Amino acid sequence: MKPTTRRFLSLFRPHVGGLILSTVLLIIAANIPAAIVVLIKLVLDDVLIKQRHGALMAMPFAVAGLYALSAGVNIGRGLLTKSIAFRVVERLRGQLLHQYLRLGVAYHQVTPTGEQVSRLANDVNNVQYAVSGFATAIQKPITLLGLLVAAFVFNPLLAGVAVCVLPLVAIPIDRFGRRLRASTRDSLANMAHLSAMAQELMVGIRVVQAFGAEGRVKARFEELNHEQFRLQLRAAAAQLIPGPVVELIAAVGVGAAIYVGGRQVFAGVITPGELIAFLVALGFMNDPLKGLSLIVSLWQRSVAAGDEVFRILDMQPAVADEGSQKLEGGPCSLAFEGVSFDYGDGPVVHDLSFEVAAGQVVALVGPSGAGKTTLANLVPRFYDPTQGQILLNGEPLPAWSLASLRRSMALVTQETFLFNDTVGGNIAFGRPSASQADIEAAALAANAHAFIRELPKGYDTRIDELGMRLSGGQRQRICIARAVLADAPILVLDEATSALDSESEALVQQALDRLMQNRTVLVIAHRLSTIRRADRIVVLEDGRMVESGKHLELLELGGVYARLHARQA
Ligand SMILES: Nc1ncnc2c1ncn2[C@@H]1O[C@H](COP(=O)(O)OP(=O)(O)OP(=O)(O)O)[C@@H](O)[C@H]1O
Ligand SMILES: [Mg+2]
């Protein structure tokens with residue numbers, strides 16, 4: 001068995017009991033019509049001929065009872081099967097989301113968001129088809145086997161003639177099964193691209209509109225959309241075709257049996273009635289045969305979807321969480337020792353060594369693309385250095401448990417990201433247990449309290465209700481309040497580069513100053529005021545430290561920093 005198939009079967013292992021029960025119910029439901037036939041025979045033979053009135057009275061109840069049983073069994077089986085299917089989907093979706101969180105920033109940077117969402121929605125959903133396959137998987141072959149045995153007992157020669165073509169049905173079932181699997185895989189991949197593109201368009205709607213690019217964007221979207229149509233049609237064909245082809249192959253056998261059987265009738269070996277009965281029995285085999293091909297189809301569709309989900313589930317995160325040390329509060333120091341980093345296409349950070357002593361502010365400055373954000377991303381271990389190491393309180397980062405490490409630091413990123421939650425909820429994101437008073441105190445320190453109070457529902461205003469009403473500076477101050485409330489000993493701050501008007505700028509600067517107090521700070525600084533108050537400035541160029549020192553020292557040096565400063569001023 002292929003490993004993916006085995007893996008796939010393991011998804012259903014907890015539900016073996018349920019699947020067997022569902023199959024038993026299916027068999028019961030399938031036999032109720034036969035029971036009704038038997039009942040009618042009883043009525044005719046026994047009740048009517050012997051004129052037993054009492055028994056006749058009971059017949060309507062018996063028929064109604066059988067149908068009630070049938071209804072109960074069918075509903076029960078349907079719900080049971082669905083609940084197993086949905087449970088598997090639920091569990092798999094949970095695992096996938098957990099894995100996305102575990103893979104973290106490194107995976108997110110190389111996989112479009114819409115694609116991840118599409119896998120979570122569409123791929124996982126497709127896995128449920130296997131369950132319907134399972135639920136009928138056992139019954140069809142059993143029925144088929146029963147019919148075959150009966151046919152051979154009845155007339156071995158005829159049965160042999162009719163059945164000799166049957167092995168051929170394996171060909172279309174297998175061929176179209178593979179094709180279905182491939183086209184399901186392609187259509188899910190295409191759907192992921194389509195979702196990624198749609199998601200990007202929505203996020204970038206202002207840029208799209210501002211550049212009047214709707215037409216161009218729509219044309220690109222329609223290509224993918226049309227490709228989706230094509231792939232789905234192809235998958236549908238691969239699912240539809242094998243059933244009738246199997247029937248056709250079986251018909252060849254039936255045709256041969258008619259010829260051979262006809263000659264047997266001429267020879268007086270069997271009666272015409274016996275031949276007809278035999279052919280009718282052969283006809284009953286069509287349904288389970290087609291059923292077999294359907295099971296294979298459903299199975300292939302599910303496995304195609306499962307393959308991609310398992311591939312993601314098997315990925316290893318870029319950083320391993322194997323450390324066990326826990327931080328116990330108090331001030332923290334950071335040290336970089338010969339740190340180099342490479343995203344995979346050439347080094348971006350080269351052999352950097354410097355320290356941020358407890359309570360110090362170290363500013364990273366340098367031209368765009370110098371590797372500042374990259375370096376900052378190494379501190380919360382979004383990535384690990386390719387060479388060298390970073391020490392926290394003298395211990396290498398991997399020695400600390402990831403949870404403890406990340407709790408010890410607050411991060412303010414270059415982009416101001418707000419969740420679709422209330423303003424208060426956004427501020428309390430790093431400390432959900434915070435009281436309203438704590439939240440307001442943090443907002444006050446971040447110069448955000450005044451404008452938040454003016455919002456329609458104050459701290460309870462939802463971000464989506466505000467739409468685009470928050471200004472850049474206001475968003476920044478909410479993000480700063482979030483970091484203030486997290487109250488971590490280390491602060492990693494990637495100052496936003498977007499220019500603010502001078503009043504807003506002053507408010508943000510004051511908020512940042514308060515945030516940096518009494519913390520160990522690594523700040524990617526663009527503001528002169530932040531740079532001036534830094535205990536040390538590390539100047540990066542092409543990932544290398546080219547200068548380091550205090551503001552005035554560096555100005556006197558007349559090097560890279562002095563030039564950057566002159567250009568800014
Ligand atoms: N996820 C990534 N994969 C590959 N290369 C990357 C990735 N992120 C950044 N880079 C590259 O690494 C280099 C440093 O980028 P980084 O974002 O660290 O610069 P920066 O100094 O923060 O610039 P800015 O001041 O513009 O924010 C750039 O050449 C960039 O193209
Ligand atoms: Mg940057």
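The structure is a predicted model, in which local features need pLDDT of at least 70, side-chain atom pairs count only at pLDDT 80 or more, and totals for chains, interfaces and linings use all residues. Residues are numbered from 1 along each chain as its sequence is written, while chains are lettered from A and ligands numbered from 1 in the order in which they are written.

**Exercise 1.** State the order of the four strands in the open sheet and its edge strands.

*Solution.* Strands are DSSP runs of E, at least two residues, and helices runs of H or I, at least four, both numbered from the N terminus. Two strands pair if DSSP finds at least two bridges between them. The order is 2-1-4-5, with antiparallel pairing. Strand 2 (347-356) and strand 5 (395-396) are the edges, each pairing on one side only. Strand 5 is joined to strand 4 (residues 387-392) by two bridges, and Glu-395 of strand 5 lies opposite Leu-392.

**Exercise 2.** Identify the helix that gives the largest share of the shell around ligand 1.

*Solution.* A residue is near the ligand if its C-beta atom, placed from the backbone, lies within 6 Å of it. Residues surrounding ligand 1 include Gln-109, Tyr-343, Val-348, Lys-372 and Thr-373. Helix 14 (residues 372-378) supplies the largest share, three residues.
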